[in-house]
Amino acid sequence: MTNFMSFINFILNMGPSVMMPIILFIMAMIFRIKLSKAIRSSLTVGMGFIAINLVVGLMVETLSPATKAMVNNIGIQLDVMGVGWPASSAIAFGTTSLVPWIFGLGILLNVLLAALNWTKTLDIDLWNYWHFIFASAFVYSATDNFVLAIIIGLLTEVIVLKLADWTAPVVQEFFGMPGVSLPHTETVSWAPIGWVVDRIIDKIPVIKDWNIDSEKIQDRFGVLGEPLMLGTVIGLAIGILAYAPNMAVDMSSSISKIINTSITLGAVMLVFPRMVKLLMTGLLPISDGVKEFLNSRFPGRKLYIGLDAATVIGHPANVATGLLLVPITLFLAVVLSMIGVNRMLPFADLAILPVFVLWATGWSKGNIFRGVVIGTIFVAGFLIIGTFLAPMTTDLAKTANFSIPEGAAQISSLDVGGHLSPWLLMLPFITKIFAELGNTFTIVSIVFAIFAVSCYVLFFYKAFKGEILKN
């Protein structure tokens, strides 16, 4: 077991830019793709991941100080510190007794389901298998039942794979990623809710016709509506909200920061899609080779390559929606705290909101208005679940030797709150938390859980009938 764990750590420590090309090359060899094409395509995918990470890093580097400034300007005082997704992964990988089992059984389960044609997604994004361990860690901590914890982790994987299958047509057609699906827990878990809310908006007179997407904006405003300008304008608004209040103290520095935020986010909107195209340049030959192999031996069979959701966040509507939700998230955190249903100060994960709101824009085909409406509902859920799990997150993070920020009573994150399907699965086993929440929070949590389960039931029912994409 120790040797297996060491091997897993060796693979994960290489990072996606190295790990993914190796996995894709092995996959290409299995499906008998020409050696030269396999090498070239695999390396191009690695370069694509490096390019995407560079742009994401630039966005985070620009937004992090801006969001911190906005938090300071608002003066929010909440006792749960949002420390970002690293806390979630630390909890997962810190539960060392579960890690090799979830990895080993999870990979085996995925291969078995694909072989039986019970899933079309082959999840090669091994790094994000920690999402499945995350659910197991909470259940194991609450029940001390190792077998139950493993079952919950694998059940999370099955749900995520099926959601990835059913949402793949949108990924491939709207986001332009042929042969790809996104078995990414924090994003695809919200696909059923995004789908239901989008259908509800379709029933509302007048509002259902409001369509604000990047193409319409560009058609109406010309060069001012291009993604570059759209990102620059949104960046300007964020910069003003963040740094304008400090102008009386240091005008030159504040103006410099506002302009820098504006220009940088405009660059992100311009460059992001081009980096994704680089990734697709490498993926397409492998995807086509897999299709040819399957069609020659199993006519009609499909196999999707499961990747991290970060590969598609470069869509202009997605970036625009995520950036617009930054101030909305802070405002929502304040409002919900006033009525007793939020204790979390969102901070570290605000910079990657474009990742979390993927299925706010996917179902609405890039309608930024609908994306913001649906995304606001997502964010409310992130805050509720993140606050709900804060006590256990804090305890598990300490066990995993995660560094707790000085002065923080408890920690959590938007990422923790994004684990919707794991939360629904673990909820029956962690009901002791209700005693710490108070009546209002308990009622809201239960109502939200019922709403989420209802969305899942309706989505699964329609998916099994093949009606998800008919609208």
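These exercises, each with a worked solution, concern a predicted model.

**Exercise 1. Describe the setting of Thr361: which helix holds it, is it buried or exposed, and what does its side chain reach?**

Step 1. Thr361 belongs to helix 15, which covers residues 358–361.

Step 2. The relative accessible area of Thr361 is 0%. Buried means under 20%, so Thr361 is buried.

Step 3. The side chain of Thr361 reaches the backbone oxygen of Leu358 at 3.1 Å.

Step 4. Leaving aside residues up to four places away in sequence, Thr361 touches Phe174, Phe175, Ala317, Asn318, Thr321, Gly366 and Gly371.

**Exercise 2. Classify the ring pair Trp195 and Phe459, and find which helices it ties together.**

Step 1. The model has 24 aromatic pairs.

Step 2. In the pair of Trp195 and Phe459, the ring centres are 5.8 Å apart and the planes stand at 80°. Planes over 60 degrees apart count as edge-to-face, so this pair of Trp195 and Phe459 is edge-to-face.

Step 3. Trp195 sits in helix 9 (residues 191–202) and Phe459 in helix 21 (residues 439–464), so the pair ties together parts that are 264 residues apart in sequence.

Step 4. Trp195 and Phe459 are both buried.

Step 5. Trp195 and Phe459 also belong to a cluster linked by ring pairs, whose members include Phe174, Phe175 and Trp359. Phe174 and Phe175 are among the residues that Thr361 touches.

**Exercise 3. Do the corresponding analysis for Phe388 and Trp423.**

Step 1. The ring centres of Phe388 and Trp423 are 5.7 Å apart, with the planes at 80°, so the pair is edge-to-face.

Step 2. Phe388 lies in helix 16 (residues 368–388) and Trp423 in helix 19 (residues 420–426); the pair therefore ties together parts that are 35 residues apart in sequence.

Step 3. Phe388 is buried, at a relative accessible area of 0%. Trp423 is likewise buried, with a value of 0%.

**Exercise 4. Characterise the second largest pocket: what is its volume, and which residues and helices line it?**

Step 1. The volume of the second largest pocket is about 670 Å³.

Step 2. This pocket is lined by 30 residues, and those closest to its centre are Asn53, Trp85, Trp127, Asp308 and Ala310.

Step 3. Two or more lining residues come from each of helix 3 (35–74), helix 4 (85–94), helix 6 (130–143) and helix 14 (353–356). Helix 3 gives the most to the lining of the second largest pocket, with 5 residues.

Step 4. By residue type, the lining of the second largest pocket divides into 18 nonpolar, 7 polar and 5 charged.

**Exercise 5. Where are Val206 and Lys365 found, and are they buried or exposed?**

Step 1. Most residues other than glycine have a negative phi. Val206 has a positive phi, near 70°, and the phi of Lys365 is also positive, near 55°.

Step 2. Val206 is in the loop between helix 9 and helix 10 (214–221). Lys365 is in the loop between helix 15 and helix 16.

Step 3. Exposed means over 50%. Val206, at 55% relative accessibility, therefore counts as exposed. Lys365 counts as exposed at 56% relative accessibility.

Technical notes:
Residues are numbered from 1 along each chain as its sequence is written. Side-chain values use heavy atoms; hydrogens and water are left out. Helices (H or I, at least four residues) and strands (E, at least two) are DSSP runs, numbered from the N terminus. Buried means under 20% relative accessible area, exposed over 50%, partly exposed in between (1.4 Å probe, protein chains only). A polar contact is a pair of N or O atoms within 3.5 Å; within protein, one must be able to donate a hydrogen and the other to accept it, and residues adjacent in sequence count only if both atoms are side-chain atoms. Contact means heavy atoms within 4.5 Å. Rings of Phe, Tyr and Trp (its six-membered ring) pair if their centres lie within 6.5 Å; planes under 30 degrees apart count as stacked, over 60 as edge-to-face and the rest as tilted. On a 1 Å grid over the protein atoms alone, a cavity is a set of points where a 1.4 Å probe fits but cannot get out, and a pocket is an open set with protein on both sides within 12 Å along at least five of seven lines; lining residues have an atom within 4 Å of a point. Grid points are joined across faces, edges and corners, and a volume is the space filled by probe spheres set on the points. Ala, Val, Leu, Ile, Met, Phe, Trp, Tyr, Cys and Pro count as nonpolar, Asp, Glu, Lys and Arg as charged, and the others, Gly among them, as polar.
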